[in-house]
Amino acid sequence: MQEYDVALKVLLRGSAKVTMRELTGAAVETWLDVELSKVVQNTRVDLLGETADDKGLVHLELQSGNDATMPLRMAEYCLGVFRLFGRFPRQVLLYVGEAPLRMETELRGADVWLRYRAVDIRDLDGDRLLESQEVGDNVIAILARLRDHKDAVRRIVEKIAGLPAVERETALGQLLILAGLRQFEEIVEREARKMPILNDLLDNKVLGREFKRGELTVLRRLIEKRFGAIPSWAEERLADRSAADLEELSVRVLDAQSLEDLLK
C-alpha cells in the first residue's frame with residue numbers, strides 16, 4: 001500500500017481540491033505535519049489540515065484493507081491531535097481497497113462515544129472529478145465511481161498530456177500507481193502509448209520502473225491462472241525482463257504449453 005498511500009497523499013495535499021471538499025466539506029488552507037505522542041501506537045496521521053473557513057482541523061486517514069481495530073486507531077489519533085492542538089479534528093476515513101468496506105465507524109462505551117465518517121472512494125462521483133480543472137481530481141477519478149472506465153482513462157491521459165513538461169511525468173506516474181489498485185495499468189499504458197509525448201515518458205527510468213511493476217503484476221496473475229504457483233526460478237527470470245519483454249510474455253502466456261516454454 002505504501003506507493004499508493006504516498007501518491008494519494010501528494011494528490012490530496014495538492015490539486016485535488018474538489019475531492020477534498022467532497023470528503024470533508026471544506027477547503028484545507030494549511031497542512032500540518034505532526035508526530036503524535038509515543039503513547040499512541042500509530043504515531044503519524046496520514047493527513048491533518050486546518051480549514052480555510054473556520055480554522056477547524058480535518059484529519060483524513062487512508063486505508064486499503066478492512067481493519068477491525070480502526071475505531072480504536074481513530075480514537076487514538078483524535079485524542080493525540082487534541083493533546084497537541086486543544087481541538088478535536090473532524091475525522092474522515094478514506095477507503096481505497098478492492099473488497100467491500102466493512103469497518104465500524106464508532107467506538108462506544110457507557111459514557112464515551114467517538115464517531116467518524118468512513119467513505120469508500122468508489123462512492124465518489126468520478127465523472128464530476130473528471131470535470132474538475134485540477135489534474136489531481138482527474139487522476140483520483142480513476143478510483144471513483146465512473147460510467148465508462150476506458151473513456152475516463154482516455155480523458156485523464158489527454159489532460160496529463162497537456163500539462164507543462166515538469167508536471168507531466170509526476171502526474172503520469174501517479175496515475176500508473178493508482179491504476180494498480182483497480183488493475184487498470186494496461187488501459188493506462190495503451191492510452192499513453194497513443195500520445196508520443198507520453199510514450200517517451202513510459203520509457204524513462206522512473207516511470208519505466210513503475211510500468212514494469214504493473215506489467216509484472218498482470219503477468220503473474222496470468223501465469224498463476226494458467227500454470228499455478230510461480231516457482232522461484234521463474235520469478236528470477238521475470239525480474240530480469242524489461243517492461244517490453246513482460247508485455248510480450250503477457251500475450252504469449254495464452255498459447256504457451258508450459259512455464260518452461262514461456263520463459264525459455
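This is a predicted model: local features need pLDDT of at least 70, side-chain atom pairs count only at pLDDT 80 or more; totals for chains, interfaces and linings use all residues.
Stop 1: Display the side chains of Glu158 and Arg154: the two form a salt bridge, and their closest N and O atoms are 3.1 Å apart. Glu158 is partly exposed, at 40% relative accessibility. Asp151 and Arg154 are both in helix α6, three residues apart, or about one turn of the helix. How accessible are these two residues? Arg154 has a relative accessibility of 30% and counts as partly exposed; Asp151, at 27%, counts as partly exposed. In general, side chains of opposite charge can pair when their charged atoms come close.

**Stop 2: Arg147 and Asp127.** The structure holds 15 salt bridges. To see another one, select Arg147 and Asp127, whose closest N and O atoms are 3.2 Å apart. Which parts of the chain does this pair link? Arg147 belongs to the loop between α5 and α6 (149-161), whereas Asp127 is in helix α4; the pair links distant parts of the chain, 20 residues apart. Colour both residues by accessibility. Arg147 is exposed, with a relative accessible area of 74%, while Asp127 counts as buried at 16% relative accessibility. The cut-off for buried is under 20% relative accessible area, so the value of 16% places Asp127 in that class.

Stop 3: Move to Ser132, in the loop between α4 (126-131) and α5 (135-140). Is Ser132 buried or exposed? Ser132 counts as buried, because its relative accessibility is 10% and the limit is under 20%. To view its surroundings, select Val18, Asp137, Asn138 and Lys159: Ser132 touches these residues when those up to four places away in sequence are not counted.

**Stop 4: the aromatic pair.** A search of the whole structure finds one aromatic pair. Select Phe82 and Phe88, which form this pair; the rings are stacked, with 4.3 Å from centre to centre and 20° between the planes. A pair of aromatic rings is described by the distance of the centres and the angle of the planes. Phe82 lies in helix α3, which spans residues 70-85. Phe82 is partly exposed, with a relative accessible area of 34%, whereas Phe88 counts as exposed at 53% relative accessibility.

**Stop 5: a charge over a ring.** Finally, select Arg108 and Trp113. Arg108 lies over the face of Trp113, at 4.3 Å from the ring centre.

Definitions and conventions:
Residues are numbered from 1 along each chain as its sequence is written. Side-chain values use heavy atoms; hydrogens and water are left out. Helices (H or I, at least four residues) and strands (E, at least two) are DSSP runs, numbered from the N terminus. Buried means under 20% relative accessible area, exposed over 50%, partly exposed in between (1.4 Å probe, protein chains only). Contact means heavy atoms within 4.5 Å. A salt bridge is a side-chain nitrogen of Lys or Arg within 4 Å of a carboxyl oxygen of Asp or Glu. Rings of Phe, Tyr and Trp (its six-membered ring) pair if their centres lie within 6.5 Å; planes under 30 degrees apart count as stacked, over 60 as edge-to-face and the rest as tilted. A charge sits over a ring if NZ of Lys or CZ of Arg is within 6 Å of the ring centre and within 35 degrees of the ring normal.
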